[in-house]
Amino acid sequence: DAHVFELIAQAKTEGVFQLESTGMKQFLKELKAENIEDVIAGISLYRPGPMDFIPKYIKGKNSKDDISYTHERLEPILKATYGCIVYQEQVMQIFRELAGYSLGRSDLVRRAMSKKKADVMALEKEYFVNGIGDDIPGCVKNGIPKESALRIFDEMTDFAKYAFNKSHAAAYAVIAYETAWLKYYYPVEFMAALMTSVMDFTAKVAEYIGECRKMGIDLLPPDINEGFAHFSVSDKRIRFGLAAIKNVGRGNIAALVKEREENGPYTSMTQFLDRLDGQLNTRCIESLIKSGAFDTLGGRRAQYMDVYKRIANNIGNSKKRNLEGQMNLFEFSAEEGSDLLKDDLPNKEEYDFNHILAMEKEILGVYLSGHPLSKYEKVLSQYVNCKSTAFLSADDEVMTQEKAVQDGDKVVIGGIIMTKTIKYTKNNNVMAFITIEDLYGAVEIILFPNTYAVCQGFVNEDAVVLIEGRASISEDSQSKIICEKIRSYDSLKTLWLKITKDSSETVASVTGLLKPYKGYTPVIIYHESEAKKYTASEKNWVNVTESMLENLKKVLGNDAVVVR
């Protein structure tokens, strides 16, 4: 299917089996797979060792004139892979076709090569070139020059240390193709199933939420009337899975769904708690509220948080009186009972947006209604070269297929400082450990004294920063970044001011307006009469706010104040 191969060639492969790592996606853009053979070869080549053949493979694929063979008898064996040795089966076939090995013996040599048995290989090299008795004729007897045979053997030896067998790669490629097919034709269902499969890996859920947004798929909060334990599809949108909510157990979900399917949707929190008859504890109810699972009932999260304990207590007391033979408040006439089961909610404003996001992060492990970084993402993306998912712990590595960052790599990552811990060295110098969070997860950053001394003014919780440093990858501990340079988000912007009147009064007014807003955004002043620009001294740099910009525009004019 051409559409599926186009998706693979464009590297839109988040969630596609074996093809979603950062390095693999870069390779796929170069490979431009057109058929299943290309995918099989791609999976085989993108590993240490065979990677050296990637340029030759791509060159041969794009230009048939650039394909060369050490000997013409290699062409039928290597034609499908553009003159490159890619598979173990090809190694075996070369032994058989060129030197006359049996199928069994060629496999034994293939194994010896992969295990780097030098003594065995020294003997086999002689047999491959010159043969042995009647068992193996050898390349020379088969009309292949000795120099060519030696070169072919050396190429096979280099490759066989890391060689993949094609049957294995083909099985992988078929699953890769099938998942890519599902992603193209059933994107919403595919992403819902994908997030269900990684529900216990919060960083991967966050990464796939980001992918959903890129694909234009809306994500809905959990819902007591529509949700299930898994991520589900609702009108071409994805409904967040109830099992991903902290403190909500599978038993709670099973009871909630069973009651809903047997007796219809819930119409209020009061009715919900009455129907589930004390099966949910207060922590579970609170988590459902914070996650947004009651939003479609018409109330606000702030209102439900204010009354849920009182409603639960009233229902509990009513049930108790009923057991004691007293009248149950909910057993009046149908009309009266319906009124009693409506929510009596206080007149309370909803929490602010950041508070809602914080609750979602606490309960779901991800931001659902938005992300504190969203308004910064466009600018930060121009600087960063990796995501937090590149630093997942060894326990989570299975979810990433491979690490995109190696120990010592130069990295640039942007995000919000979530935590900050100050430590003192033996020499009583101050250093810091911070946790930075991007759109996909979090990673720890170490700031040694020299670095921290330069930037401590803006290294605070909730600050948006850009980190440049070296990756510290370890199998025994959580991977980190050793910070070499840190920049505040404000320093990535520049405030440009144009002064049309060369007046000392105007300059003094502008300086006075900047003074209360001291920060890290550079200020550049353009004197129109002189046709010259000047960068203000660092003491006059600012923290850009709407009020400051409005004040400046009143003095200089709307077109004379620009933030870039």
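## Largest pocket

The lining of the largest pocket is made up of 19 nonpolar, 11 polar and 17 charged residues. The model is a predicted one. About 1200 Å³ of space lies in this largest pocket. Its lining has 47 residues, and E14, T22, K25, K214 and K387 are the closest to the centre.

Several elements each supply at least two residues of this lining: helix 2 (22-31), helix 10 (166-185), helix 11 (187-197), helix 12 (202-215), helix 19 (374-380) and strand 4 (410-424).

## Second largest pocket

The second largest pocket holds about 680 Å³ of space. Lining it are 40 residues, of which T202, A206, G365, V366 and Y440 are the closest to its centre. By class, the lining divides into 20 nonpolar, 9 polar and 11 charged residues.

Helix 12 gives the most to the lining of the second largest pocket, with 8 residues. Helix 12, helix 18 (353-364), helix 19 and strand 6 (442-447) each supply at least two residues of that lining.

## Cavity

In the whole structure, a search finds 1 cavity of 30 Å³ or more. The space in the largest cavity is about 40 Å³. The residues that line the largest cavity are E14, E207, G210, E211, K214, K387 and Y440. Their classes are 1 nonpolar, 1 polar and 5 charged.

## Nonpolar cores

The largest nonpolar core contains 60 residues, and those with the most contacts inside it are I8, L19, V39, I94, F95, F128 and M156. Helix 9 (residues 146-160) contributes the largest share of this core, 6 residues. Leaving out residues up to four places away in sequence, M156 touches I85, V91, I94, F95, M113 and F128. Apart from this core lies another, of 52 residues, which includes V205, V257, L273 and C284.

## Helix 10

Helix 10 has 20 residues. From its first C-alpha to its last, helix 10 reaches 28 Å, close to the 28 Å expected at 1.5 Å a residue.

The buried residues of helix 10 are A169, A173, A176, Y177, T179, A180 and K183. An α-helix has 3.6 residues a turn, so residues three or four places apart point the same way. Helix 1 (2-9), helix 3 (36-45), helix 11 and helix 12 are among what covers the buried residues of helix 10. Helix 10 also supplies at least two residues of the lining of the largest pocket.

## Two buried loop residues

S479 is in the loop between strand 7 (464-472) and strand 8 (480-488). With a relative accessible area of 2%, S479 counts as buried, because the cut-off for buried is under 20%.

K493 is in the loop between strand 8 and strand 9 (495-499). The relative accessible area of K493 is 16%, and K493 is therefore buried under the 20% cut-off. Setting aside residues up to four places away in sequence, K493 touches T521, P522, V544, V563 and R564.

Definitions and conventions. Residues are numbered from 1 along each chain as its sequence is written. This is a predicted model: local features need pLDDT of at least 70, side-chain atom pairs count only at pLDDT 80 or more; totals for chains, interfaces and linings use all residues. Side-chain values use heavy atoms; hydrogens and water are left out. A nonpolar core is a set of buried Ala, Val, Leu, Ile, Met, Phe, Trp, Tyr and Cys residues joined through side-chain atoms within 4.5 Å. Buried means under 20% relative accessible area, exposed over 50%, partly exposed in between (1.4 Å probe, protein chains only). Helices (H or I, at least four residues) and strands (E, at least two) are DSSP runs, numbered from the N terminus. Contact means heavy atoms within 4.5 Å. On a 1 Å grid over the protein atoms alone, a cavity is a set of points where a 1.4 Å probe fits but cannot get out, and a pocket is an open set with protein on both sides within 12 Å along at least five of seven lines; lining residues have an atom within 4 Å of a point. Grid points are joined across faces, edges and corners, and a volume is the space filled by probe spheres set on the points. Ala, Val, Leu, Ile, Met, Phe, Trp, Tyr, Cys and Pro count as nonpolar, Asp, Glu, Lys and Arg as charged, and the others, Gly among them, as polar. The expected span of a helix is 1.5 Å times one less than its number of residues.
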